[in-house]
Amino acid sequence: MGGVAMGLLGDELAFARALTAQENESVMALGSRKRYPADAHLLTEGDRSSHVMIILRGWVTVSVATDRGATRLILGLRGPGELLGEMAALDSHPRSATVRALGPIEAQVISGDAFRRFLALHPRVSGLVIRQLTFRLRSADQERSALASLTVLQRLAARLSELSRVEPAGPYAPPVPGRSRPGTVVHLAQDELAATVGATREAVAKALRLLRTQKVVRTGNRMVEILDPALLALLAEGHQE
(Lines give C-alpha, C1' and ligand atoms only; values in the text may rest on other atoms or scores of the structure.)
Protein backbone atom coordinates (compact mmCIF):
# COMPACT_ATOMS: atom_id res chain seq x y z
CA MET A 1 0.00 0.00 0.00
CA GLY A 2 3.01 2.29 0.38
CA GLY A 3 3.05 3.40 -3.25
CA VAL A 4 -0.61 4.41 -3.16
CA ALA A 5 -0.14 6.39 0.03
CA MET A 6 2.92 8.22 -1.13
CA GLY A 7 1.29 9.32 -4.37
CA LEU A 8 -1.57 11.31 -2.90
CA LEU A 9 0.14 13.01 0.01
CA GLY A 10 3.26 14.42 -1.61
CA ASP A 11 4.68 15.45 1.74
CA GLU A 12 7.87 13.36 2.28
CA LEU A 13 9.06 16.42 4.21
CA ALA A 14 7.10 19.55 3.33
CA PHE A 15 9.22 22.30 1.82
CA ALA A 16 8.79 24.86 4.61
CA ARG A 17 9.56 22.30 7.31
CA ALA A 18 12.83 21.39 5.56
CA LEU A 19 14.05 25.00 5.72
CA THR A 20 16.18 26.37 8.51
CA ALA A 21 14.59 29.15 10.58
CA GLN A 22 16.66 31.75 8.73
CA GLU A 23 15.82 30.27 5.31
CA ASN A 24 12.15 30.15 6.20
CA GLU A 25 12.17 33.79 7.27
CA SER A 26 13.98 34.82 4.08
CA VAL A 27 11.63 32.85 1.80
CA MET A 28 8.49 34.20 3.48
CA ALA A 29 9.84 37.76 3.17
CA LEU A 30 9.81 37.35 -0.63
CA GLY A 31 6.01 37.40 -0.80
CA SER A 32 2.80 38.22 0.99
CA ARG A 33 0.15 36.24 2.84
CA LYS A 34 -3.19 35.73 1.11
CA ARG A 35 -6.43 34.06 2.17
CA TYR A 36 -8.67 32.01 -0.12
CA PRO A 37 -12.19 30.68 0.49
CA ALA A 38 -13.17 27.02 0.19
CA ASP A 39 -13.35 25.79 -3.45
CA ALA A 40 -11.22 28.68 -4.73
CA HIS A 41 -8.77 27.89 -7.53
CA LEU A 42 -5.33 28.87 -6.30
CA LEU A 43 -3.65 27.77 -9.54
CA THR A 44 -5.33 26.84 -12.83
CA GLU A 45 -4.15 24.25 -15.36
CA GLY A 46 -2.98 25.91 -18.58
CA ASP A 47 -2.58 29.34 -16.98
CA ARG A 48 0.56 31.33 -17.84
CA SER A 49 1.19 32.72 -14.34
CA SER A 50 4.53 31.86 -12.70
CA HIS A 51 4.17 32.66 -8.99
CA VAL A 52 4.68 30.00 -6.33
CA MET A 53 2.72 29.43 -3.13
CA ILE A 54 3.54 27.98 0.25
CA ILE A 55 0.50 26.70 2.14
CA LEU A 56 0.34 28.07 5.66
CA ARG A 57 -3.05 26.70 6.74
CA GLY A 58 -5.55 24.35 5.14
CA TRP A 59 -5.52 21.66 2.46
CA VAL A 60 -5.82 21.71 -1.32
CA THR A 61 -6.34 19.20 -4.12
CA VAL A 62 -4.03 19.05 -7.13
CA SER A 63 -5.87 17.79 -10.23
CA VAL A 64 -5.61 17.51 -14.00
CA ALA A 65 -8.22 17.25 -16.73
CA THR A 66 -8.79 13.78 -18.19
CA ASP A 67 -9.48 12.76 -21.77
CA ARG A 68 -13.18 12.77 -20.92
CA GLY A 69 -13.04 16.52 -20.42
CA ALA A 70 -15.66 17.01 -17.72
CA THR A 71 -13.89 14.79 -15.19
CA ARG A 72 -10.66 15.48 -13.33
CA LEU A 73 -8.06 13.20 -11.82
CA ILE A 74 -6.83 14.26 -8.39
CA LEU A 75 -3.07 13.78 -8.30
CA GLY A 76 -2.58 14.71 -4.70
CA LEU A 77 -3.55 16.56 -1.56
CA ARG A 78 -1.19 19.21 -0.27
CA GLY A 79 -1.15 20.67 3.21
CA PRO A 80 0.66 23.11 5.50
CA GLY A 81 4.26 23.84 4.60
CA GLU A 82 4.05 22.53 1.04
CA LEU A 83 5.32 24.41 -2.01
CA LEU A 84 3.03 24.73 -5.04
CA GLY A 85 3.54 26.05 -8.55
CA GLU A 86 7.31 25.64 -8.69
CA MET A 87 7.34 23.95 -12.11
CA ALA A 88 5.84 26.97 -13.91
CA ALA A 89 8.19 29.25 -11.99
CA LEU A 90 11.23 27.26 -13.11
CA ASP A 91 10.44 26.43 -16.74
CA SER A 92 7.99 29.22 -17.76
CA HIS A 93 5.57 26.68 -19.25
CA PRO A 94 1.80 26.80 -18.60
CA ARG A 95 0.52 25.41 -15.33
CA SER A 96 0.40 21.60 -15.44
CA ALA A 97 -2.40 21.20 -12.87
CA THR A 98 -5.20 22.98 -11.03
CA VAL A 99 -4.97 23.57 -7.28
CA ARG A 100 -8.31 23.94 -5.47
CA ALA A 101 -8.95 24.78 -1.83
CA LEU A 102 -10.69 22.04 0.18
CA GLY A 103 -11.49 24.61 2.87
CA PRO A 104 -10.36 28.12 3.78
CA ILE A 105 -6.69 28.53 2.88
CA GLU A 106 -3.85 30.82 3.91
CA ALA A 107 -0.80 30.84 1.68
CA GLN A 108 2.35 32.87 1.12
CA VAL A 109 2.41 33.99 -2.52
CA ILE A 110 5.83 34.70 -4.09
CA SER A 111 6.51 35.93 -7.63
CA GLY A 112 8.29 33.48 -9.92
CA ASP A 113 11.11 35.96 -10.59
CA ALA A 114 11.78 36.52 -6.88
CA PHE A 115 11.69 32.78 -6.20
CA ARG A 116 14.13 31.98 -9.04
CA ARG A 117 16.55 34.68 -7.86
CA PHE A 118 16.40 33.31 -4.32
CA LEU A 119 17.14 29.76 -5.48
CA ALA A 120 20.13 30.98 -7.51
CA LEU A 121 21.61 32.48 -4.34
CA HIS A 122 20.69 29.59 -2.03
CA PRO A 123 21.82 26.24 -3.50
CA ARG A 124 20.68 24.24 -0.45
CA VAL A 125 17.11 25.48 -0.88
CA SER A 126 17.36 24.86 -4.62
CA GLY A 127 18.30 21.27 -3.77
CA LEU A 128 15.17 20.95 -1.62
CA VAL A 129 13.01 22.02 -4.56
CA ILE A 130 14.71 19.47 -6.83
CA ARG A 131 14.18 16.78 -4.18
CA GLN A 132 10.48 17.65 -4.01
CA LEU A 133 10.11 17.48 -7.79
CA THR A 134 11.89 14.11 -7.89
CA PHE A 135 9.78 12.75 -5.04
CA ARG A 136 6.54 13.77 -6.72
CA LEU A 137 7.63 12.30 -10.06
CA ARG A 138 8.51 9.00 -8.37
CA SER A 139 5.15 9.07 -6.60
CA ALA A 140 3.33 9.62 -9.89
CA ASP A 141 5.05 6.56 -11.37
CA GLN A 142 3.93 4.46 -8.41
CA GLU A 143 0.40 5.82 -8.74
CA ARG A 144 0.21 4.61 -12.36
CA SER A 145 1.40 1.18 -11.24
CA ALA A 146 -1.28 1.09 -8.53
CA LEU A 147 -3.99 2.06 -11.02
CA ALA A 148 -3.00 -0.86 -13.24
CA SER A 149 -2.75 -3.52 -10.53
CA LEU A 150 -5.33 -2.77 -7.84
CA THR A 151 -9.11 -3.04 -7.86
CA VAL A 152 -11.29 -0.01 -7.16
CA LEU A 153 -12.13 -1.43 -3.72
CA GLN A 154 -8.45 -1.90 -2.88
CA ARG A 155 -7.55 1.57 -4.13
CA LEU A 156 -10.41 3.17 -2.24
CA ALA A 157 -9.56 1.30 0.97
CA ALA A 158 -5.91 2.30 0.61
CA ARG A 159 -6.84 5.94 0.02
CA LEU A 160 -9.23 6.07 2.98
CA SER A 161 -6.65 4.40 5.21
CA GLU A 162 -4.10 6.94 4.13
CA LEU A 163 -6.33 9.96 4.61
CA SER A 164 -7.57 8.76 8.00
CA ARG A 165 -4.00 8.92 9.31
CA VAL A 166 -3.60 12.59 8.42
CA GLU A 167 -4.35 14.86 11.36
CA PRO A 168 -2.78 18.27 10.75
CA ALA A 169 -2.48 20.29 13.96
CA GLY A 170 -1.46 23.69 12.61
CA PRO A 171 1.01 25.42 10.30
CA TYR A 172 3.67 23.01 9.02
CA ALA A 173 2.26 20.18 11.19
CA PRO A 174 3.23 16.85 9.57
CA PRO A 175 0.80 14.00 8.95
CA VAL A 176 0.71 11.52 11.82
CA PRO A 177 1.93 8.17 10.46
CA GLY A 178 0.35 4.87 11.40
CA ARG A 179 -2.32 6.31 13.66
CA SER A 180 -5.66 5.54 12.06
CA ARG A 181 -8.42 5.09 14.62
CA PRO A 182 -12.18 4.48 14.67
CA GLY A 183 -14.24 7.63 14.28
CA THR A 184 -11.79 9.45 12.03
CA VAL A 185 -13.65 11.36 9.31
CA VAL A 186 -12.41 11.95 5.76
CA HIS A 187 -14.01 15.07 4.27
CA LEU A 188 -14.28 14.35 0.56
CA ALA A 189 -17.33 13.89 -1.67
CA GLN A 190 -17.76 10.67 -3.66
CA ASP A 191 -16.76 12.30 -6.94
CA GLU A 192 -13.61 13.67 -5.28
CA LEU A 193 -12.80 10.24 -3.84
CA ALA A 194 -13.32 8.78 -7.30
CA ALA A 195 -10.84 11.27 -8.73
CA THR A 196 -8.22 10.35 -6.12
CA VAL A 197 -8.32 6.67 -7.12
CA GLY A 198 -8.78 7.08 -10.87
CA ALA A 199 -12.22 5.44 -10.94
CA THR A 200 -15.76 6.45 -11.89
CA ARG A 201 -18.10 7.85 -9.28
CA GLU A 202 -20.38 4.85 -9.83
CA ALA A 203 -17.57 2.37 -9.13
CA VAL A 204 -16.63 4.19 -5.94
CA ALA A 205 -20.27 4.35 -4.83
CA LYS A 206 -20.49 0.57 -5.29
CA ALA A 207 -17.28 0.03 -3.28
CA LEU A 208 -18.57 2.33 -0.52
CA ARG A 209 -21.83 0.38 -0.36
CA LEU A 210 -19.85 -2.79 0.26
CA LEU A 211 -17.77 -1.08 2.94
CA ARG A 212 -20.95 0.22 4.60
CA THR A 213 -22.56 -3.23 4.52
CA GLN A 214 -19.52 -4.66 6.29
CA LYS A 215 -19.63 -1.75 8.79
CA VAL A 216 -16.16 -0.65 7.77
CA VAL A 217 -17.27 2.93 7.08
CA ARG A 218 -20.23 5.23 7.53
CA THR A 219 -20.94 7.84 4.85
CA GLY A 220 -22.69 11.21 4.87
CA ASN A 221 -22.65 14.48 2.97
CA ARG A 222 -19.05 14.98 1.77
CA MET A 223 -17.71 12.68 4.49
CA VAL A 224 -16.65 9.10 5.14
CA GLU A 225 -16.25 8.01 8.77
CA ILE A 226 -13.82 5.14 9.37
CA LEU A 227 -15.43 2.60 11.71
CA ASP A 228 -12.99 -0.31 11.36
CA PRO A 229 -9.51 0.92 10.37
CA ALA A 230 -7.93 -2.54 10.82
CA LEU A 231 -10.30 -4.17 8.33
CA LEU A 232 -9.92 -1.23 5.97
CA ALA A 233 -6.15 -1.74 6.01
CA LEU A 234 -6.61 -5.45 5.23
CA LEU A 235 -8.87 -4.63 2.31
CA ALA A 236 -6.27 -2.18 1.05
CA GLU A 237 -3.74 -5.00 0.95
CA GLY A 238 -6.13 -7.12 -1.10
CA HIS A 239 -7.66 -9.39 1.57
CA GLN A 240 -11.23 -9.10 0.39
CA GLU A 241 -12.65 -12.35 1.70
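**Salt bridges, a sheet and a helix contact**

Good morning. Glu23 is buried, with a relative accessible area of 14%. I begin with this residue in a model that is predicted, and every value I shall quote is computed from that model.

What does Glu23 pair with? Glu23 forms a salt bridge with Arg124, and the closest N and O atoms are 2.5 Å apart. Glu23 lies in helix H3, residues 21–28, while Arg124 lies in helix H6, residues 123–149, so the pair ties together parts that are 101 residues apart in sequence. Arg124, for its part, is partly exposed, at a relative accessible area of 41%. The cut-offs matter here: a residue counts as buried under 20% and as exposed over 50%, with partly exposed in between.

In general, side chains of opposite charge can pair when their charged atoms come close. How many salt bridges does a search of the whole structure find? The search finds nine, and I shall describe some of them.

The next one joins Arg35 and Glu106, whose closest N and O atoms are 3.3 Å apart. Is Glu106 buried or exposed? Glu106 is buried, with a relative accessible area of 14%. Arg35 is exposed, at 62%.

A further pair lies within one helix. The side chains of Arg116 and Asp113 meet in a salt bridge, at 2.1 Å from N to O. Both residues belong to helix H5, residues 112–121, and because they are three residues apart there, about one helical turn separates them. Arg116 is partly exposed at 29% relative accessibility, and Asp113 is partly exposed at 42%.

Salt bridges also form a network, which links Asp39, Arg100, Glu192 and Arg222. One of these residues, Arg100, leads us to the sheet, for Arg100 is in strand S7 and stands opposite His41.

I turn, then, to that sheet. It is an open sheet of four strands in the order S2-S7-S4-S5, and the pairing is antiparallel. Which strands form the edges? The edge strands are S2, residues 41–43, and S5, residues 72–78, each of which pairs on one side only. Neighbouring strands of the sheet are turned against each other by 35 degrees on average, direction ignored. S2 pairs with S7, residues 98–101, in the antiparallel sense over two bridges.

Helix H8, residues 190–197, lies across S5 and S7 and runs at about 90 degrees to S5.

Finally, H8 has a helical partner. Helix H7, residues 152–164, packs with H8 at an angle of about 105 degrees, and their axes are 10 Å apart. H7 is therefore roughly perpendicular to H8. Which residues meet there? From H7 come Arg155, Leu156, Arg159 and Leu160, and from H8 come Leu193, Thr196 and Val197. The residues of this contact divide into four nonpolar, one polar and two charged.

H8, with which I ended, lies across S5 and S7 and packs with H7. Thank you for your attention.

How values were computed. Residues are numbered from 1 along each chain as its sequence is written. This is a predicted model: local features need pLDDT of at least 70, side-chain atom pairs count only at pLDDT 80 or more; totals for chains, interfaces and linings use all residues. Side-chain values use heavy atoms; hydrogens and water are left out. Two strands pair if DSSP finds at least two bridges between them. Axes are lines fitted to C-alpha atoms, for helices over the stretch in contact, and angles run from 0 to 180 degrees between N-to-C directions. Contact means heavy atoms within 4.5 Å. A salt bridge is a side-chain nitrogen of Lys or Arg within 4 Å of a carboxyl oxygen of Asp or Glu. Buried means under 20% relative accessible area, exposed over 50%, partly exposed in between (1.4 Å probe, protein chains only). Angles under 35 degrees count as roughly parallel, over 145 as roughly antiparallel, 65 to 115 as roughly perpendicular and the rest as oblique. Ala, Val, Leu, Ile, Met, Phe, Trp, Tyr, Cys and Pro count as nonpolar, Asp, Glu, Lys and Arg as charged, and the others, Gly among them, as polar.
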